[in-house]
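This briefing looks at salt bridges and at one pair of packed helices. Please have the sequence and the structure open while reading.

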Amino acid sequence: MPPKRKNNTVINLEDVGMEVDAVSDSGSEDEARKRSKNRRTKPQRRAKRVSDDEEDEEDEDEAPRKRGRKKKAKPRDSDEDDEEDDRNVKRKGSKASRKRAAKEESDEESEDDREKKKKGGRAASKKEKEDQNKGRKGNVKKKEGKDKDGEKDKKKKNGKLNSSSSSSSDSDDESLSEGEMEALKEQVEEKKKLITTLRNKPWRMKRRLVLLKEAQEFVERFEGALGKGKGRKLYAYKVMMTKKLIKFKRDFENFKTACIPWERKIKDVESHFGSSVASYFIFLRWMYGLNLILFGLMFGLVMLPELLMGLPYGSIPRKTVPREEQPTAMDFSVLFEFSGYCQYSFLFYGFYNSERMIGVLQFRLPLSYLLVGVGIFGYSLMVVIRTMARNSNEGGDGAEEGEFTFSWKMFTSWDYLIGNPETADNKFASITTSFKESIVDEQENQKDENIHLRRFLRVLANLMILCCLGGSGYLIYFVVKRSQEFANMKTDNLSWFEKNEVEFVMSLLGLVCPPLFETIAELEDYHPRIALKWQLGRIFALFLGNLYTFLFALFDEVNAKLEREKSIKNETEWLLNQYYANYSLHFNTSDVPPPTVDPADVIRGPCWETGVGIEFVKLIVSDMQVTYLTILIGDFLRAVIVRFLNYCWCWDLEAGFPSYGEFDISGNVLGLVFNQGMIWMGAFYAPGLVGLNVLRLLSSMYYQSWAVMSCNVPHERVFKASRSNNFYMGLLLLVLFLSLLPVVYTIMTMPPSFDCGPFSGQEKMYEVVMETIEQDLPAFIGNIFTYATNPGLIMPAVLLMVLALYYLNAVSKGYQQANNDLKRKMQLARDEEKNRRNNKDSTNQVMMDLEDLLPNKSLIPPPVKEEPPPPAVVNEKGSKSPKTKPGAAGKGVNLQKDVSLAAPNPRGPVTRAPGPRGGPPGNARGPQPGRGRGRGRGGPR
Amino acid sequence: MGNKQTIFTAEQLDAYQDNPFRQRIAEAFSEDGEGNMTLEDFLDMFSVLSEMAPRDLKAYYAFKIYDFNNDDFICKADLEKTVNKLTRSELTEDEVRMVCEKVIDECDLDNDGRLSLEDFQHMIVRAPDFLSTFHIRI
C-alpha cells in the first residue's frame, strides 16, 4: 500500500476516534491520558480496545524477558507469584494501571471490571493463570522497567498536556519526531513478534484471537506509515521457509529411520519379548551388515576379477571336473555335498589361477587373494573393537539409575503421536514389557538375603559347572584320541557307532550341558541379565571343545592330504619327465611341445585347501539345517500341538508341561558367534562362504523373527538387556582371535598345493607379497620393509605399545573412579534435597530432639506460623547447617540433620494443605531462597 | 495448529482412537470437565498438543489429564488407573502397587503421599522424551 494513502486514512480514522472518545469518555482522565500517550498511534473508538492494546504491548515486552528469566530464576518467580497472588487478584489490570499512582485505584477497579466482563466466560483456572501471569509481569515491570517507565511517564505527561489543550491534534500528526518514529517502529516490531509467537503463548484461544486481530490491525495500519510494507512479504517467506525446513528435517529423520533394515521387526519383537530378545536380533542385524561388507570385499576383489578376466571354466585342469567324476558331477546329491561342479567352481580356493597378472588391468589376483583373506580379519577386528568402544561409551549395563525411572515410564511413555492400531498394540505391549523389566530390576535391588548362604551356593554352583566342563573336556579329548586310533585301523571292522563316535559325543554334550548349566545356575540366583552372561560364558567354554575337535580332525585330514599330494606330485613329475624323454627320444629333438592332454584327464593332487573349504561350507549348511529344523520342530510344532491338542487333552498343555517354548537367547547368540568364527576361518579357503553366510543370516532374520512372534512366549522374568551388546561383542572378539590363529598358521607354514589355487608353485603363501615387493615396487620400499621387519625395531615398538596400553589403562581407571564419585555425589545430593523438602514431623523424631538441644531454639519458629518470616532466622539457619554438618558422624544422621536444621518444609501438609494452584507454565520447580514463604530453604545445595 | 489442513478424514479421526487417555484428554480440555468441547476448547487442545507449545503448558495439561479425579493431586488411585490404562491391565495387582509406590517414592517431594502439580512438573521437566511424545501432528 502506498504510504501516503495510508496516512490519510489514518488521520481520518483518528479524527473520528477522537470525537467518539471525546463524547463517551470525556470525563475520564484515564482515557485521555492513554489516548494521548498513543496519540498518534491509537485511534481507538472504545475504551476496551485501549486496555487490550496496552495489555498487548506489555505482553510483548514481557515475552523475551520472561523467557530469559525462566531459565535463571523460575522458582523465584513462582515464589513471588505465590506471595503476591492475593494482591494481584485485586490488581489485575493493565500496565497503565500499574504505572499509575495509588490515587487512581478506583479507575483501575473500573477497568478491571470491564475486563472481567469481557472475559467472563473463562474457566476459573485460566483466570488464575492469567492473574499470575500479570502478577509476574508486574513484578518484572517494577524491577526492571524503571527507566522505561520514567520515559513513558514523561511522554504521558506530554500527551496529557497535548490532549487537554487541543482535542483535535492534526498538527501533531505531521510533526512526528524521530524518537516517536522509533517508538512506533518498535511497537510495530513488537506486534509482529507477537503475531509470530502467539501460537506458543499459554492463553486461551479466545484471547489469542482477539490479540491477534488487534496486532494484525495495528501492523496493517502502521506498517504502511512507516514504509515497512515490503518487509512483510519477505518475512512471511522466511517463516514459510523455516516451516518447510523443519518439515524437511523431520521427513529426513523419518527417512533415515526407514532406511535401517528390520527396525520395525525388531521393535515388534522388543515390544513383546523385551529388550533381551531384541538384543539378539540387533546383534544378528549387525552381523549381517558386517558380513555384507566382507562379502563385498571378497566378491569385488577376488571373485569378480577371476570370473571376468581369468580363464574360463574347462580351460585348465583346476577349473575342470575330472573325467571319472563327470558322470555324477551334476547329480543333486553330489552337488549338495559341494563336490562335482561345485567343487571346481569359483566358490572354492582351487578354482583360482596362479597367473601373476590377469586381464587388461594387470590385476594381481594372487596378491589380491592373500590381502583380502588377511584383510577380512583386519577389518573385522577393527569393526568389532570400534563397536565395542562406542558401545562402552554409551555405557550402562542396562540398569539405569535414573531418578525417575518409573515416573517417566508412567507419564511419558505413551506416545501421543501414535495413530495406528497396530502401533498402539505394540506400544501397549512394549510399555508393559518395560514396566516388567524395571520391576525385575527393582525387585533385585530390594532383595535382602542371606549373603553367606548365597555366596556359598554360588561357589558351589561354579564348582559343579567347572566339574562338568572338565569332565566334558576330558571326554572330548578321550574320544578324539580313540578316533585317531580307529583311523589307523581298517574301516571295515568298525561299527557305525565307533565311526561316528566324536560327532555323537559332541552333539550329546551340546544337548545335555546347556540345560544342566541352566539348572545349576538357579542355585546362584543372579539377576537374569547377569545369569545370561554366565550362561553364555559357560556354554562358550563348552563349545570351545567342539571347535577344538573340529580343527583337530581337519588338521589330520590336511596332513594326510599333504602326504598324498607329495606322492602325486612326484608321480606327475615322473610322468612328465618320461614324456619328455620319450618325446625327445622318439623325434630326436630337444624342442619338446607340452603334452596335449584334455584338462579333465590330467592327474591332479587332492588340493587340500579346497577340501578344507568344503568342510567348512558343509558345516555351515548342516548347522543351518539343524537350526532351522530345531525351530520348526521344537518351537513351531510344539506350539501347534500345545495350541490345538489342548482342546482334547487330559491336562492343560498351555500352562502345564510342554507349554510354549521360550526364546533361547544364549543358544542363539552363541550359535551366531561360532557360526561367524567358521566363516572367518573358512573364508580363506572358500571365498563363496561369505556369500552363503549372508544368505543364511538374511533368511534367519526373517525366519527367526517370525518364529519368535508366532510360537514363543516371553520369558517369565523379562529383563532389560544391557544397552551395549558388549558381552556378545567380547565373545565375538574371542572367537575372531581363535579363528585367526589357524588361518594365519596355514598361511605362514603350510605349503600350498602345487596344482590348484592362486598360490600354486610357491613354497609358502605369503611369498606372493615378497615377490610383489621385489618385482613391482621401487627398491627403497623393499629396503624399508627389510628394516621394518628387523627385530631390533619391532621389539621397541612392542615395548612402546605395552607402555601405552598401561598408561591408557591407568587413565581409564582414573576416569572410572571419578565417574563413580560423581554418581555417588549426585545420589547424595538428591537424597539430601529430598530430605530437606520432607517434613520433619513425621519421620525423624531424633531430629526434633536434636533441635531441642540447640541454644537458639526459640528463634526457630515452629512450622505452624510460617508466613511472617523473620529475616534474621533465615541467616542463622543458613549459616547453621553447614556448621553442624561436618560434625555429624554417619551419613544418615548427617542427612537428617540437614532436614531439621536447614529445611523446615514451608509447604508441609501440617501447616496447611497446599491448595489447588492453578499453576501456569513457569510455575515453581523447586524451592529457592527467596522472600516470603521461601525462607529457610537457602541451605547449601 | 501446525499445518494448513482443516478437514479431518475419517481415517485420521479413527487413528486417534487408540490413545488410552482419549477420554481424559477431552475432559481435561473441555470447559465443563465432562468432555464436551466447544470449538475453542478444541483449538486449545490442539494448540497445547502442538509442537510449539511451551513445556510448562504441556506439563500443566498433562497433569490435568493424569489427574483422573480432578482433585488437583495425582493420588494413588490416579496412578493405578494410569498404569492399568497404559498396560491394558496386564500387570498383576502387586506389580501395579509396586509401580505406584515407586512413582510416589520418586516424585513426591513433600511426602504427602500424592503428587502435586509442583512435584509433577519437577519430574516431568527432566524427562527426556516428554516433549517428543506429548504432542500431536495434524
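Does A:R824 count as buried or exposed? A:R824 counts as exposed, at 57% relative accessibility; buried means under 20% relative accessible area, exposed over 50%, and partly exposed in between, with a 1.4 Å probe and protein chains only. This is a predicted model, in which local features need pLDDT of at least 70 and side-chain atom pairs count only at pLDDT 80 or more, while totals for chains, interfaces and linings use all residues. Residues are numbered from 1 along each chain as its sequence is written, chains are lettered from A and ligands numbered from 1 in the order in which they are written, and side-chain values use heavy atoms, leaving out hydrogens and water.

**Salt bridges within a helix**

- Over all chains, the whole structure has 20 salt bridges, each being a side-chain nitrogen of Lys or Arg within 4 Å of a carboxyl oxygen of Asp or Glu.
- A:D821 and A:R824 form a salt bridge, at 3.7 Å from N to O.
- Both residues lie in helix α27 (residues 791–837) of chain A, three residues apart, or about one turn of the helix; helices (H or I, at least four residues) are DSSP runs numbered from the N terminus.
- A:D821 is partly exposed, at 29% relative accessibility.
- Another salt bridge joins A:D251 and A:K247, also with an N to O distance of 3.7 Å.
- A:D251 and A:K247 are about one helical turn apart because they are four residues apart in helix α11 (residues 229–259) of chain A.
- A:D251 is partly exposed at 38% relative accessibility, and A:K247 is partly exposed at 39%.

- A:R364 and A:D776 form a salt bridge, with their closest N and O atoms 2.7 Å apart.
- A:R364 lies in the loop between α13 (332–336) and α14 (365–394) of chain A and A:D776 in helix α25 (residues 767–776) of chain A, so the pair ties together parts 412 residues apart in sequence.
- A:R364 is partly exposed, at 29% relative accessible area, and A:D776 is partly exposed, at 27%.

**Two packed helices**

- Helix α20 (residues 528–587) and helix α21 (residues 608–645) of chain A pack at an angle of about 150°, with their axes 9 Å apart.
- The angle makes α20(A) roughly antiparallel to α21(A), a term for angles over 145 degrees.

Key:
Axes are lines fitted to C-alpha atoms, for helices over the stretch in contact, and angles run from 0 to 180 degrees between N-to-C directions. Angles under 35 degrees count as roughly parallel, over 145 as roughly antiparallel, 65 to 115 as roughly perpendicular and the rest as oblique.
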